[in-house]
Amino acid sequence: TLDIFLCGYCGLLYVGNLIRDDQLMYAYGTLDTNKYYQEIAINTKNKVSRSLSDLKTLLDNCPDSRPSVLDIGCGWSHFLDALSRKYPSVHAVGQELLNEAASVCQAKGFKVFTCSLENMPDKFSIIVLLDVAEHLASPNRTFAACYSLLKRDGYIYMHTPRRCFWDRLFLVLINIPILGKFSLIWFRTRVNIFHLHLWTDKALKLSLKKAGFQLIYLKSEMEFSWSFNKYSEVYLGKIYHFSPLLVKIATGLTRVLFVWLGTLKNKAICLGQKIE
């Protein structure tokens, strides 16, 4: 059982329990990683492409003769693969705590650290965290470690889920009978053992500033890993046993509310710079 807390100052939603690394590793070990990456292949490709586009100016104008990029939580090397193809002169390095993922990357020839960030010996021009900040048991410690690992005037680039309009609405409705049940269903998909933090823009700014970074930009956009049908099928159909008709109605309704009306800005994309 996890206790979910809300910070009254910055709005961060987070798991308040002390989660050990071995508990996280056990939880991730229950997942079919190969199937998961197949299901989100299109989203992953788009995210990597977007990231390389965002980093193009930094890589093209990097003062280092051979820029070095660290991909924290590199998974099965999707970003490292694309980075190496587009920028073969870049020294692309990964860090991964999951042994299976690290082995996949290492088999492709990438240098992948499996130790903690505090124990890594190298320095980097750019550090990338693509959908990693929400998984961190201690994000402030991780951001501080990133600061130490960056070269002078280096950059940190991140994608992470963010609190949106619908999160704020369901927080208001959570204590109302019947509607509160739907609020709990919503938040169990947003904050759980796999997503320990649901960031607000203010919380991200504060955490990066605390680590020493100067925020260059923070953008809010809409992003889905799965299709609408998949989300409805898994969460409403399989987990909460809604009837097929209700699942179909919910899918159509959310498509109108989220996409057509543009109310779901659920992803934060930000860039910060090390300032000494």
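Predicted model: local features only at pLDDT ≥ 70, side-chain atom pairs only at ≥ 80, totals over all residues.

Reader: Okay, at what angle do helices H6 and H9 pack?

Author: First, the general idea. Helices (DSSP runs of H or I, at least four residues) and strands (runs of E, at least two) are numbered from the N terminus. Axes are lines fitted to C-alpha atoms, for helices over the stretch in contact, and angles run from 0 to 180 degrees between N-to-C directions. Now the case here: H6 (residues 139-149) and H9 (residues 201-211) pack at about 45°, with axes 8 Å apart.

Reader: What do we call the way H6 and H9 lie to each other?

Author: Angles under 35 degrees count as roughly parallel, over 145 as roughly antiparallel, 65 to 115 as roughly perpendicular, and the rest as oblique. H6 and H9 are therefore oblique to each other. There's a handedness too: a crossing is left-handed if the near helix is turned anticlockwise from the far one by less than a right angle, and right-handed if clockwise. H6 passes H9 in a right-handed crossing.

Reader: Which residues make the contact of H6 with H9?

Author: Contact means heavy atoms within 4.5 Å. From H6 come Asn140, Phe143, Ala144 and Tyr147, and from H9 come Ser207, Leu208, Lys210 and Ala211.

Reader: Let me try another pair. How do H3 and H4 pack?

Author: Helix H3 (residues 41-60) and helix H4 (residues 78-86) have axes 10 Å apart and an angle of about 45°. That makes H3 oblique to H4. The crossing of H3 past H4 is right-handed. On the H3 side the contact uses Thr44, Val48, Ser51, Leu52, Leu55 and Leu59, and on the H4 side His78, Phe79, Ala82, Leu83 and Lys86. By class, the contact of H3 with H4 has 7 nonpolar, 3 polar and 1 charged.

Reader: Which residues touch the most other members in the largest nonpolar core?

Author: A nonpolar core is a set of buried Ala, Val, Leu, Ile, Met, Phe, Trp, Tyr and Cys residues joined through side-chain atoms within 4.5 Å. Buried means under 20% relative accessible area, exposed over 50%, and partly exposed in between (1.4 Å probe, protein chains only). The largest core has 31 residues, and Ile127, Phe143 and Met158 touch the most other members. Elements giving two or more residues to this core include strand S3 (68-72), strand S7 (150-161) and H9. H6 gives the most to this core, with 5 residues. Apart from this core lies another, of 26 residues, among them Val48, Ala102, Val112 and Tyr217.

Reader: What does Phe143 touch?

Author: Not counting residues up to four places away in sequence, Phe143 touches Ala133, Leu136, Ile156, Met158, Trp199, Ser207, Leu208, Ala211 and Phe213.

Reader: Is Tyr147 buried or exposed?

Author: Tyr147, in helix H6, counts as buried at 17% relative accessibility. Leaving aside neighbours within four places in sequence, Tyr147 is in contact with Ala211, Gly212, Phe213, Lys274, Ile275 and Glu276.

Reader: Last one: what is phi of Ser77 near?

Author: Phi of Ser77 is near 70°, a positive value in a residue other than glycine. Ser77 lies in the loop between S3 and H4 and is buried, with a relative accessible area of 0%. Not counting residues up to four places away in sequence, Ser77 touches Cys105, Lys108 and Phe110. Asp153, also not a glycine, has a positive phi of about 65°. Asp153 lies in strand S7 and counts as partly exposed at 41% relative accessibility.

Notes. Residues numbered from 1 in each chain as written. Heavy atoms only, no water. Nonpolar A, V, L, I, M, F, W, Y, C, P; charged D, E, K, R; others polar.
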